[in-house]
Amino acid sequence: MRLGLVSAILEAYNYEQMIDILAEMGFTCVEAACWPAGKAERRYAGVSHIDAARVLTDDAYAAHVTDYAAAHGITISSLAFYPNTMDGNRRKRAANLAHLETVIRASAKLGVNLVTTFIGRDQKKTVEENLEIAAEVWPPLLRLAEELGVRIGIENCPMLFGADQWPGGQNLMTSPANWERVFALLNSPNLGLNYDPSHFVWQQMDYIQPIYDFRDKIFHVHFKDIKLYPERLARVGVMAYPLEYMSPKLPGLGDVQWGRFVSALTDIRYEGFACIEVEDRAFEDTPERVLASLRLSKRYLEQFVL
């Protein structure tokens, strides 16, 4: 496996500074954030270390992106853009789909050939209704990805944390049961998973067995942890907003059993990219704490991944 970082946590730094930081710390790859310009609607969104639209129009810029990373020993594991492609607001949906298409084309041009994203969901509609939307929205994107040789890895985050995402969340592919339904509906070899065990922890699901069951669909991996607070859960119950009873943590500071998780990945001979995703509020109060969180996460995971 190649140990890297999801770049969104380094939003205060430009592309070159971000690459410099990763190289100095000894990372070997990066999932590079590629959001469009504009105000972000949520934390960790709106970060753009690579301007995907500019990649398509400026050959010198595209060459600089790949050359700068390569010169520092960093591989771009994927281009990352996590919108709601099935937003109930048609204007937002169209804008998100248009930029995701741009990111797919940019990934091909840069030779990355992987995009990490969400499948999306209309949070006010049922699973069955959202499958109908997926059947309408996603085939053109997948045809483009297949033509360009780009794989798309869907993260399994429910995107259901607070009132603005209630009741259904903004990502349909949240469980193995839904994965099966989506993969059957959108039967493409270029559609797979960006597997993050932390989201199964707070849903109180098994995050080991799906590694074996979906071994051929795991295109990319996230290393992020979640800490459940049983006393809070006992008070508010599973129907509460999830952030009332859990919080994202650095790897090793939550409830994921990383030895078991990485062991299962080695069982299936996964040799792809595994990127640390830092979303721990306890380490966000100063730039120094942010950088410390990267070092701590890397040091911990090097027990399991060289």
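I took angles under 35 degrees as roughly parallel, over 145 as roughly antiparallel, 65 to 115 as roughly perpendicular and the rest as oblique. This is a predicted model, in which local features need pLDDT of at least 70, side-chain atom pairs count only at pLDDT 80 or more, and totals for chains, interfaces and linings use all residues. Residues are numbered from 1 along each chain as its sequence is written, and side-chain values use heavy atoms, without hydrogens and water.

**Helix pairing.** I found that the axes of helix H5 (residues 127–148) and helix H6 (residues 176–185) come within 10 Å and cross at roughly 30°. H5 and H6 are therefore roughly parallel to each other. On the H5 side, I listed Val-127, Glu-128, Leu-131, Ala-134 and Ala-135 in the contact (heavy atoms within 4.5 Å); H6 contributes Asn-178, Arg-181, Val-182 and Leu-185.

**Salt bridges.** I counted 10 in the whole structure, each a side-chain nitrogen of Lys or Arg within 4 Å of a carboxyl oxygen of Asp or Glu. Glu-279 and Lys-224 pair at 3.3 Å, N to O. They lie 55 residues apart, Glu-279 in the loop between strand E10 (273–276) and helix H11 (287–301), Lys-224 in the loop between strand E7 (218–223) and strand E8 (225–228). I noted both Glu-279 and Lys-224 as buried (under 20% relative accessible area, with exposed over 50% and partly exposed in between; 1.4 Å probe, protein chains only). A network of salt bridges links Lys-224, Glu-277 and Glu-279.

I also looked up Glu-302 and Lys-298, whose side chains meet at 2.4 Å, N to O. Glu-302 is partly exposed at 36% relative accessibility, whereas Lys-298 is buried at 11%.

Note on methods:
Axes fitted to C-alpha atoms, helices over the stretch in contact; angles between N-to-C directions. Helix = DSSP H or I, 4+ residues; strand = E, 2+ residues; numbered from the N terminus.
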